[in-house]
Amino acid sequence: MQLQVARIGKPHGIRGEVTVQVLTDAPEDRFVPGTELIVEPASKGPLTVISARWNKDILLLGFDEVVDRNGAEELRGAMLSVDIDELDDEDDDEGWYEHELVGLKARIGDDVVGTVSGLRTLTVQDLLVIDDNEGREVFVPFVEAIVPEVNVEGGYVLLTPPEGLFELNLPEDKQDKQGKPEKDSGSKDKDAQNEAGR
């Protein structure tokens with residue numbers, strides 16, 4: 001199975017580098033020098049990464065097969081993919097891909113509390129994105145202590161979240177609404193006291 005990781009944009013400089021639109025959550029893993037990428041259309045590949053660097057927010061890639069700007073221009077619009085079947089064989093115990101997790105039911109014990117809608121790959125730790133039963137988006141640290149079981153075949157992830165984790169993601173307007181009634185009732189009490197004092 002192939003996973004698209006980037007779309008090639010315009011050339012950068014005169015040495016064959018190209019800008020790319022990144023389509024993967026883990027560019028630091030996908031574009032390691034020496035990685036061979038599948039290209040669509042196939043006539044333009046495969047391509048072997050020799051350099052990957054960021055220029056502000058834009059990723060620049062260099063390929064062993066492309067040595068000048070003209071060669072880079074010919075790649076414009078091409079799609080880059082990796083064969084994740086091969087990666088799975090090499091990294092069976094390394095974790096899960098986002099497409100494997102999306103759609104799994106999130107359970108706490110036997111209770112379904114939401115559905116996995118995404119995976120955010122961060123430097124410190126990954127976060128599972130879960131749409132809870134009220135339609136809110138909840139971010140759950142993807143660590144064994146909080147997500148002790150991922151059962152792709154069974155269609156669920158098991159959670160043992162610390163108390164209050166699902167409430168941390170309440171939208172601000174709901175938090176405000178929850179706080180306002182207390183303030184309003186307090187002001188009404190003061191008004192009633194003032195009336196009684198008169």
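Predicted model: local features only at pLDDT ≥ 70, side-chain atom pairs only at ≥ 80, totals over all residues.

**Reading contacts and burial**

Visitor: Does Thr 48 count as buried or exposed?

Guide: Compare its relative accessible area with the cut-off: buried means under 20%. Thr 48 has a relative accessibility of 19%, so it counts as buried.

Visitor: And how does Pro 162 come out, buried, exposed or partly exposed?

Guide: Partly exposed is the class between buried, under 20%, and exposed, over 50%. Pro 162 has 46%, so it is partly exposed. You will find Pro 162 in the loop that runs between β12 (156–158) and α5 (172–197). Its C-alpha lies 7.6 Å from that of Ile 146, a residue 16 positions away in sequence.

Visitor: What does Gln 2 touch, not counting residues up to four places away in sequence?

Guide: Gln 2, in strand β1 (residues 2–12), touches Ile 38, Ser 81 and Val 82. Take Val 82: 80 residues separate it from Gln 2 along the chain, yet their C-alpha atoms are 5.6 Å apart.

Visitor: How many helices and strands does the protein chain have?

Guide: There are five helices and twelve strands. Of the 198 residues in the protein chain, 32% are buried. Among contacts between residues at least 6 apart in sequence, 47% join residues at least 24 apart.

Methods
Residues numbered from 1 in each chain as written. Heavy atoms only, no water. Helix = DSSP H or I, 4+ residues; strand = E, 2+ residues; numbered from the N terminus. Buried < 20%, exposed > 50% of the residue type's maximum accessible area, 1.4 Å probe, protein only. Contact = heavy atoms within 4.5 Å.
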